[in-house]
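User: Please take a close look at one part of this structure for me. I'd like to see who sits opposite whom, and what lies around it.

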Amino acid sequence: MTVSLAHLRRCSVAVDLGASRTRVYLKHQGLVVDEPSVAAVNAHSGALIAVGSLAEKMTGRTPEHIRVVRPIQAGMVVDIEMAQRMLRHLLGGQLRKAWRRKPMLRAAVCTPNGSGPLAQRAAVETMYGLGSRRVELVDSVIAAAIGCGLPVEEPEATMIMLAGAGTTQIAVMSMGSIVAAETIAVGGDAIDHAVVQHLRNTHELVLPSQSVRPLHEILSAPGPIAPSAEVQGRDVASGIARTVRVDTEAVRQAIRMPMATLVDGIGQVLRRCPPDLVADLTDRGIMLAGGSALLPGLDMMLRQATGMPVTIADRPDVCAVRGLGAMMEGHPVPMPLDPLSV
């Protein structure tokens, strides 16, 4: 961790390329971009029409000649050129000013744990296209743990679950390094898909993607949960819009199916850890971070399945980029591991 921090303190820009949202942190300025990772393109001319929140509103509502694309999937850049165009418009003049002050600008980018060389190369090429001359790659779980305020540099076990839109990363860390980690291809999008499939099979209703969020709000509301909720969608057979009353407990059961995969991932990580670290986690528990950490019932289900305390981080969606910013500012101080002299 010492070598990484020495390089990261020379960086001026930190970027978290998420499947759901893209976040950019500028040194001494803080978080300057927090927008959806979406772009709308004219299919005939190739012109970029909208990015960010405006492009996300166009999802499912565009004419045939306009395509809404997501150049980042599961935390990896799948379309380098489109990702560069999207970032260039999201940053606007802020990045150009930073580039003028430091022509040899260094950038730090979050990459998912266990990502292959092709995914890492795509992230590097994306930042090269924006004018960066050196790119430092940082593991997302380490950045998120620092952003949550976990003492990752101490010889104590810290466990974090970074729940994103496309994937969920689980890791146990000690002394600034990852002891055991697992990446699971289940995230917020898979849970939304489970809700959509449940309504299609049970009520023969096709649900727009934007209509899943009100159900999440109902299930995560404090106090007693309403026994049912009204949902609007399109009838499978007739194609006519109609409203149905959905049993919230049945929706919660549909959500539990993909969540069970996350519990299996926690077990796999703990089985690869030394017993002393697992004993530390009995009291300290699991820190939940990522944009999908606020999904209804996730913390309660993990608490019941593992028997360990589960804590949701403060602002879990921006923990990774805040951790990168903290490393650039030089806040984490690693333990000295120099050889002992006689």
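Analyst: Two strands count as paired if DSSP finds at least two bridges between them, and the element names follow DSSP runs numbered from the N terminus (helices: H or I, at least four residues; strands: E, at least two). A note before we go on: this is a predicted model, where local features need pLDDT of at least 70, side-chain atom pairs count only at pLDDT 80 or more, and totals for chains, interfaces and linings use all residues. Residues are numbered from 1 along each chain as its sequence is written, and side-chain values use heavy atoms, with hydrogens and water left out.

Stepping back, β17 and β18 belong to an open sheet of 5 strands, ordered β13-β12-β11-β17-β18. Its pairing is mixed. At the edges are β13 (177-184) and β18 (310-312), each pairing on one side only. From one strand to the next, the twist averages 20°; angles run from 0 to 180 degrees between N-to-C directions, and axes are lines fitted to C-alpha atoms, for helices over the stretch in contact.

A helix comes into this picture too. Helix α10 (residues 275-284) lies across β11 (158-163), β12 (168-174), β13 and β17, where contact means heavy atoms within 4.5 Å. Relative to β11, helix α10 runs at about 70°.

For comparison, here is another sheet. It is open, has 3 strands in the order β5-β4-β6, and its pairing is antiparallel. The edge strands are β5 (48-51) and β6 (66-69), and each of them pairs on one side only. The twist in this sheet averages 20° from one strand to the next. Strand β4 (residues 39-42) is joined to β5 by 3 bridges, with the two running antiparallel; here valine 41 stands opposite leucine 48 of β5. Lying across β4, β5 and β6 is helix α3 (residues 80-91), at about 65° to β5.

There is also a hairpin to look at. Strand β2 (residues 21-26) and strand β3 (residues 30-36) are antiparallel partners over 6 bridges. Threonine 22 has glutamate 35 of β3 as its bridge partner. The turn leaves 3 residues between β2 and β3, and histidine 28 in that turn has a positive phi of about 65°.

Helix α6 (residues 140-147) packs against helix α12 (residues 319-329) at an angle of about 80°, and their axes lie 6 Å apart. The two are therefore roughly perpendicular (65 to 115 degrees; under 35 is roughly parallel, over 145 roughly antiparallel, and the rest oblique). From α6, the contact involves Ser140, Ala143, Ala144, Ile146 and Gly147; α12 contributes Cys319, Ala320, Arg322, Gly323, Leu324, Ala326 and Met327. Sorted by class, this contact of α6 with α12 has 8 nonpolar, 3 polar and 1 charged residues, with Ala, Val, Leu, Ile, Met, Phe, Trp, Tyr, Cys and Pro counted as nonpolar, Asp, Glu, Lys and Arg as charged, and the others, Gly among them, as polar.
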